[in-house]
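Hi,

Here is the structure I promised to pass on.

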Amino acid sequence: MGNSWSTEFGGRELTIETGDLAQQANGSVLVRYGDTVVLVTATMSDPRPGMSYFPLMINYEERLYSVGKIPGGFIKREGKPSDAATLAARLIDRPLRPLFPEGMRHDVQIVATVLSVDNDNAPDIAAMVGSSAALAISDIPFDGPIAGARVGLVDDEYIINPTSEEMEESLLDLTVAGTEEAVMMVEAGANEVSEEEIISGIDFGQDAIRDVVQLQKEVVAEIGKEKADLDLEIVEDPELEEEVEEHVGDRLSQALQTKDKAERGEQVNQVREEVVDYFKEQFAEDEDLDEKIKVVKDTLDKIAKKSIKTLVLEEGKRIDGRSLDEVRQISSDIGLLPRAHGSGVFTRGQTQAMSVVTLGAVGDEQVLDGIEEQESKRYMHHYNFPPYSVGETNPLRSPGRREIGHGALGERALKPMIPGEGDFPYTIRVVSEVLSSNGSTSQASICGSTLSLMDAGVPIKKPVAGIAMGLMKKEDDYSILTDIQGIEDHNGDMDFKVAGTEDGITALQMDIKVQGISSDILSEALEQARNGRLHILDKMMETISEPREELSEYAPSMITLKIDPEKIRDVIGKGGETIKSIVDETGVKVDIEDDGTVFVAAEDQESGQEAKRIIEKLTEEVEVGNMYMGEVKKTVDFGAFVEILPGKEGLVHISELADHHVKNTEDILKEGEEVLVKVIDINDRGISLSRKEAISDEEDSN
């Protein structure tokens, strides 16, 4: 029998179980949270030769049996990870990665398999806790444990791990992860929440995760393995490091202060190559040449990082000459693509993103085949990062974790400002193409997407802008940087992305490279980000200040009408014959909701109106006193049967054909002939019509 440990977490019991499952992994746990169950394993292998980074792999495996579903498609089994699974894996990776030892080159793989899902208890939070616990009890070196919590804000009250019903009312969807002492990662979507509310939410979440961290420490105290003594790739040679510093002098520091990214890279590489070549010659006969050259290269990296930090912390300057809170030069443009429904280009320094909007019918929304409750979405934001954006050549592949993550962040930032389906009955897809990259392309894509949506005439509630904040920290001394460029991100201690309107935050994402930062630093960074965001919004509004009043002539024309839900079958017809005939006749696209809302997407107003007329005819109710132009379907001795609406016939009795005596029906009406009739009665036997009264009423009106 295995062991189990439990604690209260957000008002529900969270349990960690060990000992029964996946015992060949270095560490494995089963996490139960309500009816949500996740198996998490941590495994380590030998280091790969020549590896220059820590190869940590996080796999979040969704199993559709966890929600009682059979996968769609022909194969009927799970395929590649969904976007939601990819985002969950990134969410777990970010707080874990900084807590592994420097120089670690062993492959470490976390596999979180979602076995059962209760939609009120998030499996990604359970998986994050399980990942930390599996690492903590294993022999894999790891300076944890950590835990994560989701925070909602409903009626001015913060809620830990809100239920799906509570989340529908929440202004905030905030995920906080960290150790007992400090925050390691923050991710949030919000509906114009203030900076103060964000900080309070982070503090609230941090308080909640301490009990879960303490629970893991109890587990480790009872069953934790001794950590392996690994041969980490850290080679220290103080004498050689001092020689390298003396040889380099201030050349590397001066090269780093070159403003242009390409020129700076060229000058830095020249210095590095000269230094490496010099020491290769010095140690040409040395048996430990490779090891010594590694020390030289590592020392150059340290010098670069130290130079950038010293410039910021001691001189209050940045390598491109900006002040700490200064945003790079901004320019923007719209309407570049004549056939696209909307387009915008946003340029900030050497970072440039072009966003393009496509409007489609409601039926074009994305169908989600996953374990979440949401089955589809009508607003999509996609992000592409081609190699030419950084002046490189690489194979073009399908979107990776980075592209999916940045696209989701942009989608989160803009979603609260997207009009509802009732106000704007279109499916909306925005694609951001990064054309040039030097820091914070995800936030540039948000700015470009706002421009493109307004160019497309999408009535967004307010414009949204994004900015990335950085941090340079040395012990208690720190500086916060506004609008960081790539080299500041690489050598800094924080990447804090904040997006929002002039009235509040709509999305944020924080990754740090140190072991936690205080809420005071976060608060200062958010206020500095707000000032930067407002500056960017002002610049964007100089290009376009509000959505265009009309859509592109190439956008589909959308007509919405409401029918009785009981009449839906009349529009669809047997085997879909009726709706197919409407589409074939008019060339439109028709989508029908269960509540009777009908969306007609057409290339032009004329075809759309014709489809609308047909649908209205199909669903119109026959009323006594109304007149209709109908078609004679059959004549009989006692009168004629006339179709007045699709599928609805009535009888014109021979006595109602004319205001005089009629001996033979066909003296007045013949099959296929059109005739104006009036409904005079509706009863159990059917609809009674009168040609005589229709003629009389028409004469009276004339």
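The axes of helix 9 (residues 401-414) and helix 10 (residues 441-455) come within 9 Å and cross at roughly 45°. (Helices, H or I with at least four residues, and strands, E with at least two, are DSSP runs numbered from the N terminus; axes are lines fitted to C-alpha atoms, for helices over the stretch in contact, with angles from 0 to 180 degrees between N-to-C directions.) So helix 9 and helix 10 are oblique to each other, since angles under 35 degrees count as roughly parallel, over 145 as roughly antiparallel, 65 to 115 as roughly perpendicular and the rest as oblique.

Which residues of helix 9 meet helix 10? They are Arg402, His406, Leu409, Gly410, Ala413 and Leu414, where contact means heavy atoms within 4.5 Å.

Before you go on: this is a predicted model, where local features need pLDDT of at least 70 and side-chain atom pairs count only at pLDDT 80 or more, while totals for chains, interfaces and linings use all residues. Residues are numbered from 1 along each chain as its sequence is written, and side-chain values use heavy atoms, leaving out hydrogens and water.

Now the strands. Strand 3 (residues 27-33) runs antiparallel to strand 4 (residues 36-47), joined by seven bridges; two strands pair if DSSP finds at least two bridges between them. Val29 stands opposite Val40 in strand 4. Two residues lie between the strands of this hairpin, and Gly34 there has a positive phi near 65°.

On to strand 6 (residues 106-116), which pairs with strand 4 in the antiparallel sense over nine bridges. Here Gln109 in strand 6 is the bridge partner of Thr43.

Cheers
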